[in-house]
Amino acid sequence: MALLEVKDLQVNYGVIRALNGISFEVNEGEIVTLIGANGAGKTTTMQTIIGLIPPKAGSIHYDGKDITKLPSHKIVNMGMSQVPEGRRIFQELSVYDNLMLGAYLEKDMSKIKARIENVFEQFPILKERRSQIAGTLSGGEQQMLAMSRALMANPKLLMLDEPSMGLSPLLVSQVFEIIKDMNAKGITILLVEQNAEKALGIADRAYVLTNGVITHQGTGAELAGSEEIKKAYLGG
Amino acid sequence: MVIAIDGLSLGAIYALIALGYTMVYGIAKMLNFAHGDVIMVGAYMIYTLCTLTWTTGSLPIWAGALIAFVVSIVVCTLLGMVNEKVAYKPLRGASPLAALITAIGVSYLLQGIAQLIWGAEQRSISILDRLGTVRVGTVAIRWSSIITVVCGAILMIGLTLFVKKTRTGRAMLAVSEDKGAAQMMGINVNKIVSVTFAIGSGLATFAALFYLPTTAISPTLGSMPGIKAFAAAVIGGIGSIPGAVVGGILLGVVEVVCNSFEATASYTTAIEFALLIIILLVRPIGLLGKKRRVKV
């Protein structure tokens, strides 16, 4: 059974329809990517899944339960976390406070400490800067922090919204390596990207979102090989 | 010396009230203009309960006052939370103007209810001023002022530590900076807003106790300190906790100093608000206000 199952999801902003009945699923252990141009509805999809935007119609099931109408804190508590578009780390708080907020729903201090140790092991730069105000980190470091903060929740499903945005090509490759690495450790990934080439390169399966509708789906390799997709999203 | 202590004392009162304004603004992004009236309700509660325990009980005076005060804090804290749930929560997401008008409405509602219950005539009660004065060298300093300064400092330090070091405090800062991102961390924003109103109203009850020695109790008691504390919060930079403290103390000291000179005494309030205008002209975000970083 799918870990995440989105069915006929419809979201309106006032009279504007942002999502026009999209359906897709993410199975346990997969990397699934949602690609599409600016304004296609990718971020809306992500925010609706985690409970920030109420859908107009359709359903979202996670781990076998209907989460369509649940508030976000209950959804997060079921083992879902998100690296939002633009990272949205807490700029005025320290690196340490950001990480602690990532583990907000965990009350067992020993577990939190162990997770922080893990993060510091993977990203030594964050350990070095633990007391630094997060807004003073470089773009790449902020992205590491945003991903670490999401990992602090110990998620089963991690959703990343444009993690490569605004990063240098070298850092972009690094971010995709980290995503693959997290997946290898057992975390299911839903990845939203404009960088379609890279995203399709690591994805088991992919969906193409155009103006609020899913127009194509297939394995990462299939879509990467499709002439139509190449033309529209891969620059030729 | 007397001026300094009295100024700090009044400043601490303004700061305690300003903290309520600034925290609510930071977290719920609204101006709770009914906040001053919580002080008024606190004052009436303390007055009524003190009178009750003093006339009926066999308790010592200080014990009766302590019980009255603790009960008043509980009542005001609940009042703040209920006020938010009933009047403001349904308006979250509505235009800020709707919440502002509602807050003004709640303010008049509380004043009206107080007038119904306690009547319009002024009352007074002496609690902290019973302690009299202490002589330091040649000057006499009121104990009530000393207690206000010391307790005010303890409360403000306590609040700062709470916000910086605890899980709930950290969540408050997160909600204040980015509500959506805070929700993604699993923070229940409604709960945090409720806690914020509770803390603000609790601090306002302390302010009421400290304010009582220098004021008569009436249904409009909260208006003036409410407005001045709001000015203090803006001077310090609304949304900033240290800003509220600095703004409050600054305004309190200015007020006491102005009052102590014959030439300026009748212009005190004008001078205070002129100060607000000047500071806003020079530094529109307030003394310790932060410019929000534009998100990349």
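This text goes through the interface of chain B and chain A in a predicted model, then through one helix of chain A.

The interface brings 22 residues of chain B into contact with 26 residues of chain A. The size of an interface is often given as the accessible area lost when the parts come together. Here the two chains bury about 2400 Å² between them, and 58% of that lies on carbon and sulfur atoms. On the side of chain B, the residues that lose the most area to chain A are B:Arg170, B:Met184 and B:Met185, which together account for 33% of what that side buries.

B:Arg170 also takes part in a salt bridge, with A:Asp97 as its partner and 2.9 Å between the closest N and O atoms. The count of salt bridges between chain B and chain A is two. Six residue pairs are in polar contact across the interface, both residues being at pLDDT 80 or more. In chain B, α6 (167–177) and α7 (179–184) each supply at least two residues of the side that touches chain A. The most comes from α6(B), with six residues. By class, that side of chain B has 10 nonpolar, four polar and eight charged residues.

In chain A, helix α6 covers residues 139–151.

Key: Residues numbered from 1 in each chain as written. Chains lettered and ligands numbered in written order. Predicted model: local features only at pLDDT ≥ 70, side-chain atom pairs only at ≥ 80, totals over all residues. Heavy atoms only, no water. Contact = heavy atoms within 4.5 Å. Buried area = accessible area lost by both parts, 1.4 Å probe. Salt bridge = Lys/Arg side-chain N within 4 Å of Asp/Glu carboxyl O. Polar contact = N/O pair within 3.5 Å; in protein donor to acceptor, adjacent residues only side chain to side chain. Helix = DSSP H or I, 4+ residues; strand = E, 2+ residues; numbered from the N terminus. Nonpolar A, V, L, I, M, F, W, Y, C, P; charged D, E, K, R; others polar. Expected span 1.5 Å × (residues − 1).
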